[in-house]
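User: Could you walk me through this structure? I have not looked at it before.
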Number of protein chains: 2
Amino acid sequence: MKIAVDAMGGDNAPGTIVEGAVLASKEFGVDILLVGDEGVLRDELSKYKDDNFAISIKHASEVILMNEAPSIALRKKRNSSIRVAIEAVKSGEAKAVVSAGNTGAVLAASSIILRTIKGVARPAIAVSLPTIRGTSILLDAGANVDCKAEQLFQFGIMGHVYAKYMLGKINPSIGLLSIGEEDTKGNEATKGAFQMLKKSSINFIGNVEGKETYKGNAEVLICDGFIGNVALKISESLAEMIEKSLKMMFAKNLRSKIAYMLIKPYLKAFKKSVDHNEYGGAPLLGINGICIISHGNSTSKAIKNAIRVAAEFVKKDVNAHIQQDIELNLEIQDSKQKKRKFWSHIKDSIPFPLEKGRDD
Amino acid sequence: MKIAVDAMGGDNAPGTIVEGAVLASKEFGVDILLVGDEGVLRDELSKYKDDNFAISIKHASEVILMNEAPSIALRKKRNSSIRVAIEAVKSGEAKAVVSAGNTGAVLAASSIILRTIKGVARPAIAVSLPTIRGTSILLDAGANVDCKAEQLFQFGIMGHVYAKYMLGKINPSIGLLSIGEEDTKGNEATKGAFQMLKKSSINFIGNVEGKETYKGNAEVLICDGFIGNVALKISESLAEMIEKSLKMMFAKNLRSKIAYMLIKPYLKAFKKSVDHNEYGGAPLLGINGICIISHGNSTSKAIKNAIRVAAEFVKKDVNAHIQQDIELNLEIQDSKQKKRKFWSHIKDSIPFPLEKGRDD
C-alpha cells in the first residue's frame with residue numbers, strides 16, 4: 001500500500017514532513033510517495049543513512065503557500081505538490097494522501113479532483129475532541145459554511161462510520177450541536193437534521209448543548225463548518241488564556257513559584273493529552289479517495305500518525321462503509337422535504353404573502 | 001427612578017432576589033418594584049429589620065418555571081411575574097426590569113410587550129467576556145438564530161453604543177466573529193454584514209477568528225445567537241473540564257497536593273475574575289425599554305449588580321443613543337442589497353439554472 005505525502009505543505013516543510021514519512025515507513029511498513037521538489041527531497045532523504053524504509057519521490061515543481069487564496073493558487077499553480085499528490089490518488093498510484101499544507105487548497109483540490117462518494121453532497125473535516133470521557137470527534141470542523149439539514153444529516157452518518165470502524169466504538173452515540181436539548185431548539189438547519197437523524201439507523205442521542213460538549217456524552221458531534229471552526233478555535237483561545245493566567249498567577253511570589261515547580265510535570269502531561277500532534281490529522285470524510293489533513297505546524301510525530309491514520313482508512317475500507325450507510329439512509333432525505341424547502345425559500349424571499357396552499 | 005425586579009424568577013428565587021434588591025436599594029439608592037406573590041414577598045422583606053431601603057411590591061399570582069416552553073407559558077400564565085414586571089416598564093411605572101427567570105420567556109415577553117427601538121429589527125443579548133486585555137462584550141448571546149446580514153450589522157451598532165456609553169470605551173473596536181480574517185471568509189450572513197460594517201460610522205476592525213476571541217482585540221464581538229450561545233457554552237464546558245483535570249492532577253500524590261494547597265487562593269482569584277455574578281446581568285439591547293437578564297443561578301450580589309446596570313442604562317439614556325446611531329447608519333442597509341438577496345435565494349432554491357441576466 002502506497003500513501004502520497006505532500007512534502008512541501010506546512011510551516012515546517014519539507015524537513016519535518018520527510019522525517020515523519022521516514023518514521024512512518026519504518027514503524028508501520030507502509031510505502032510512501034513523497035511529492036515535491038525532487039532535488040530538495042533527495043537532499044532531505046539523504047540525511048537518513050539507513051535504508052530500511054520504502055520511500056519514492058514524485059516531482060512537483062510548485063508549492064502553494066499557507067496564506068494563498070486556494071481558488072487562485074490552484075488555478076495558477078497547476079503543478080503544486082498538493083495537486084500532484086491528490087492526482088496520484090485519483091490515478092491509483094497511491095491509496096491515500098496526507099497534507100499539512102494550505103487546508104483550503106487541500107479541501108478544494110480533493111473536492112474537484114476526487115469528487116465525493118456516491119450519494120454524499122459535501123465532504124466534512126472530522127477532528128478529535130478531548131473530553132472528560134475520552135476522545136470524541138467533531139464534524140464538520142470547517143469544510144462547509146451555510147450547511148443545509150441534509151448535509152448535517154449526512155455528517156452524522158459519516159461520523160458514525162468513522163467512529164465505528166476507525167475508533168472501534170461499537171454503537172457510537174451521535175449528537176447534534178445546538179442551543180437546547182429539545183428538538184424545537186436550534187436553527188433551521190439543525191431542526192431539519194434532528195428530524196432526519198431521529199429516523200436514521202444510527203444511534204442519535206439528540207441535541208447536545210455547548211456546555212455539554214467536553215463532557216463527552218456524544219462520541220460524535222455534528223455541526224456546520226462555521227460553527228465547528230468557531231467552537232474549536234474559541235476553545236483553543238480560552239485554553240491559551242487560562243494557561244497565560246495560570247502562569248501569571250504562578251509568577252506572583254515565592255509561594256506560587258514553588259507550587260508551579262511542583263505542578264509543572266502534571267501540566268505538561270495535561271497539555272500532551274489535548275495535543276493535536278498525538279492524533280496526527282483530520283480525515284476529510286465523504287471524499288471519493290482518502291485525504292488526511294494535518295495541522296500546519298505538525299511535528300514529524302504528527303505526520304507519522306497521520307500516515308498511520310491514512311493506512312488504517314485504506315485497510316478498514318471506510319469509504320465503502322460510508323457509501324453503504326448513506327444508501328441505507330437515503331430514503332430519509334425524501335423529496336418531499338426538498339420540495340417543501342424550495343417553496344419556503346421562495347416564500348421567505350418574497351416581500352408579499354403567497355396565496356395559501358401553494359407552499360407545500 | 002424605579003426598577004422592576006422579577007422576584008420569582010431564577011433558581012434561588014425569591015430569597016436571593018429579594019436580598020439582592022435590598023442590597024441594591026441600600027447601596028445605590030434606587031427604588032425597587034418587587035414583582036411576585038405579595039404574601040411571600042412581604043415575608044421575605046420582613047427578614048430585613050432596618051428600613052433604609054425603598055422597596056414596594058407589585059402582586060403577580062403566577063410564576064413561569066425555568067424549564068417551561070416560553071410561548072406556551074406566556075399564553076397560559078397571563079399574570080406571571082415576568083409579564084407583570086415587563087408591563088410595569090411599558091406603563092411607565094418602572095424605568096427598567098431585571099429578571100433571573102426563564103430567559104426565553106423574558107426575551108419573548110420583552111419583544112411582544114415592549115417591542116424594538118425604531119429601526120431595530122431584532123433585539124440581542126449582550127454578555128461580558130473576560131479576555132486577556134480586559135472585558136469585551138459579545139452579542140448576540142442567544143436571542144436570535146438564523147440571523148441575516150442586516151441584523152448582524154445592527155448588533156454592531158448596538159454593541160458600539162453599549163461599549164461607549166455603558167463601559168466608557170471612547171472608540172470601541174467592533175469585530176465580527178468568523179472563520180478567517182479576510183472579508184471573503186465566513187457564511188452568507190457574516191460576509192454581507194462585513195460589507196455593511198465597513199461602510200458604517202463605527203470602529204469596525206474586521207473579522208475576528210475564534211482563536212483570537214480571548215485575546216480581546218475586539219472590545220465588541222458580533223455573531224448570531226446560535227454561534228454566540230454555542231461559543232459561550234463551549235467555553236464554560238472547556239473551563240469546567242480543565243478545572244476537573246487540574247483537580248485530578250492535584251490529587252495524584254503528596255507533591256501535587258502540596259502544590260494545590262499553595263496555589264488554591266490564586267485559582268480562586270482567577271475563577272472570581274471570570275465569574276458572571278460580578279457582571280450581574282446581560283442587557284437585551286434594541287428593546288424599547290430596558291431589560292437586564294440575569295443568570296438563573298444568580299447570587300444576591302449578581303442581582304444587586306444587575307440592578308446597578310439597569311439604573312445606569314436609564315441614566316445614560318442608552319436607548320436614545322441606539323436609535324440615533326441606527327438612524328445615522330440607515331442608508332447602509334440599502335434596498336439594493338435586499339433585492340439581490342431575494343433573487344439569490346430563489347436561484348439557490350431552483351433545481352435548474354435560470355437564464356442569465358435575471359439574477360440581479
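Predicted model: local features only at pLDDT ≥ 70, side-chain atom pairs only at ≥ 80, totals over all residues.

User: At what angle do the axes of H1 and H2 of chain A cross?
Analyst: The axes of H1 (residues 15-28) and H2 (residues 38-45) of chain A cross at roughly 55° and come within 10 Å. Helices here are DSSP runs (H or I, at least four residues) and strands are E runs of at least two, numbered from the N terminus. Axes are lines fitted to C-alpha atoms, for helices over the stretch in contact, with angles from 0 to 180 degrees between N-to-C directions.

User: Which residues make that contact?
Analyst: A:Gly15, A:Val18 and A:Val22 of H1(A) meet A:Leu41, A:Glu44 and A:Leu45 of H2(A); contact means heavy atoms within 4.5 Å.

User: Changing topic, how is chain B superposed on chain A?
Analyst: A rotation of 180° with 0.0 Å of shift along its axis does so, at RMSD 0.0 Å. The two copies are thus related as by a two-fold rotation axis. Superposition is by least squares on C-alpha atoms of residues with pLDDT of at least 70 in both copies.

User: And A:Pro172, buried or exposed?
Analyst: A:Pro172 is buried, at 0% relative accessible area (buried is under 20%, exposed over 50%, partly exposed in between, with a 1.4 Å probe and protein chains only). A:Pro172 sits in the loop between H6 (149-165) and E8 (173-178) of chain A.

Key:
Residues numbered from 1 in each chain as written. Chains lettered and ligands numbered in written order. Heavy atoms only, no water.
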